[in-house]
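Here is a short report on a predicted model. Look over the sequence and the fold, then read on.

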Amino acid sequence: MRLKGKVSLISGGATAFKGDPRSEGKDWVLGIGGAAAWLFVREGAAVVLGDLDEDKGKKAAQQLRNAGGRAEFVRLDATNEADWIGAVSFATSKFGRLDILVNAAGTTFIGGAEDTPVDKWDAQMDVHAKAVFLGTKHAIPAMRKNRGGSIVNISSIDGINGNPLGIAYSTGKGASRIFSKAAAIQYAKENIRVNSVHPGYTDTPLARQGIAKLAAAGIPDPRLPKVPLGRLAKAEEIAFGILFLASDESSYVTGAELVIDGGVIAQ
Amino acid sequence: MRLKGKVALITGAAAGIKGEVMGFGGASAWMFAREGAKVVLCDIKEDLARRSETQLREHGYDALFIPLDVRDEEQWKRAIAQTVKTYGKLNVLVNNAGQGYMNTVEQATLDIWNHEMDVHAKGTFLGTKHAIPEMRKVGGGSIVNISSIYGLVGSQTSAAYHAAKGAIRIFTKATAIQYAKDNIRANSIHPGFCITPMTHRLQEDPDKLALYTAKVPMARWGKPEEVADGILFLASDESSYITGSELVIDGGMTAQ
Amino acid sequence: MRLKNKVALITGGASAVQSELMGFGGAAAWIFAREGAKVVLCDIKEDIGRRSETQLREHGYDALFIPLDVRDEEQWKRVIAQTVKTYGKLNVLVNNAGMGYVEKIENMTVQQWDHEMDVHVKGAFLGTKHAIPEMRKAGGGSIVNVSSIWGIVGSEGGPAYHAAKGAVRIFSKAAAIQYAKDNIRVNSIHPGGAWTPMTEKSLTPERRATFIAKVPMGRLGTVEEIANGILFLASDESSYVTGAELVIDGGLLAQ
């Protein structure tokens, strides 16, 4: 029970929804935020799922409760400050405290510098960078009351190296990476730790969306040859890294980057 | 039981006495054992290591001390052979043996240089070289190499230590790329200022201690258990998709 | 004349014959000389070292070849003493000597490991250690250590090479911190794939094509391109740059 008694808020948490093979087909997977939610609950934490997708989010919370966990859903547009204030307040009123924030909400946009419309650029920067800032800003007062906390920001290997195919995404993820360090320095003395996780190619709903066109055309996954481990990551493998950073086991880890990519950027 | 059924070999593991200041190796040994692993302690400090081995066994854990000078290839071969003979296999290797000298580049003698490079870098190379065939036999494994924040950045106080820790950092990535297809993972850990037998002398000087502590955003030194938690994570199957990476455990020092 | 009146010592500098394939050291020697420096070439390869020295002098440059095995402390002391005796001072040191074993970890012998680590890392250490007092006398200096992209990432290539280049990378930072107050700057340079006598041997046409396919710029680097980076770090233009890594790789690591 590595998160016993802890309360967590996970943005992008609706991906905890476990599809029904009868209606959704066999082809569903958990997202990163969702996989973290299931793992957190298994380890004794209360989980508040924040997401735009109310339908999946509410169902996911119910599924978690059915499995014996303490879980709630709150509507959260991670780019909206008022929503964040509401979500944090909801978490503390439902569960009495806030110990962990996981910024996992995200979308992707495929486009280079010349062919990215400004509104798409702004949207990517909002969901990856501004959202992380807003979540951190409003979680900190609650964590301060607990005399500590852990913020885990889901960045990407694309936030360490450039991805020319999704330049706005890459930039947003890079912002999240360095924002994490700045926040880490600022709040270290208050025992609030801030770290970033950098998944490589992971099999999630978002990633499947990104590769859908290629898959439909029968083109083999161009990402696989780049991975020394020779396969995609499962969302659960990312979630274990999030768990480590969320728990007290990483009590001296702050401002760090946890790369979970099967060796892609080590080469 | 996050290491259930696993066999782990840890170098520099002698300082593992409850009630005394432990090193990263000693703290890891206890944590690994608690999580279900059989632990092989390797070190040149025989007396201390035997006391640790005894204590672990008194707690009901399966522990074995094998004397090992990590600079010696023949000793590595024997240590790994004995591990496999006793426990049937090898799943995890923690290259932790190390020593630090405080000197600037100009003050560094060739003897100090050779010693540091051999213990840290050559020791890691030899351990890796001889662990890999055994890990391949069991379908995979995890190698955790203890580098340092001094393998990321420079400082006023060391020369060979930096070179050696930097060598470990990148050697780890080469290992990771080359043996990923064998499901053998290799990662480096980068502790910051931590309270261990190695930093003992530094801690006895309150002025020096304050100087170092002032550089840490968390405003304190780390405990060996805090680093051992990271080693455990990388040793276990939870980190199954993590290879070639660097886990920095430093209270925020290098983030600024 | 970006190195006007400077005295520079370059290890691994023997391959500096125009019309033959040069190494980084050799290319740097020509560029340094063109920019007004007196250049000391050091290497274990004496024949080609002396031919390079001759050619540089024929072009009117001030060049001197001194044999040097960078693993030997006594030789370093003698070489630096001879440099200062001949030219009066030492301002720039380029630690470039190197070689690479390609054996996999499991097949690598301890002798190969030691050789690689000694040439790259011990060599850089000894050069730095003995250059510093002279640079201090001159009021400052610049040490450029040639690491590699293989000192930043791993690959299927020689593991000792990785370890050695990684060691040089961080050693540079330590030296930078320690001697910054003496106005001695220390930086590492990280070339990517480049066409040199060393890679000419190891890069078969097939391997070259596979490698180039991964490089955003779609080609290997030339020795001049690397030498230009060494020049920048050696000159006073980089006066606020120390403890840094200059990656010259056509974008390979940025992706």
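In chain C, residues 24 or more positions apart account for 75% of the contacts with a separation of 6 or more. Two residues are in contact if their C-beta atoms, placed from the backbone, lie within 7 Å.

This is a predicted model: local features need pLDDT of at least 70, side-chain atom pairs count only at pLDDT 80 or more, and totals for chains, interfaces and linings use all residues. Residues are numbered from 1 along each chain as its sequence is written, while chains are lettered from A and ligands numbered from 1 in the order in which they are written.

Buried residues make up 54% of the 255 residues in chain C (buried: 20 or more other C-beta atoms within 10 Å of the residue's own, with C-beta atoms placed from the backbone). The C-alpha trace of chain C spans about 50 × 40 × 35 Å along its principal axes.

Now to the sheet of chain B. Seven strands form an open sheet in the order β3-β2-β1-β4-β5-β6-β7 (chain B), with parallel pairing. Strands are DSSP runs (E, at least two residues), as are helices (H or I, at least four), numbered from the N terminus. Two strands pair if DSSP finds at least two bridges between them. The edge strands each pair on one side only:

| Edge strand | Residues |
|---|---|
| β3 (chain B) | 63–67 |
| β7 (chain B) | 246–249 |

Five bridges join β1 (residues 7–11) of chain B to β2 (residues 38–43) of chain B. T11(B) stands opposite C42(B) in β2(B).

Terms used: Buried ≥ 20, exposed ≤ 12 C-beta atoms within 10 Å, placed from the backbone.
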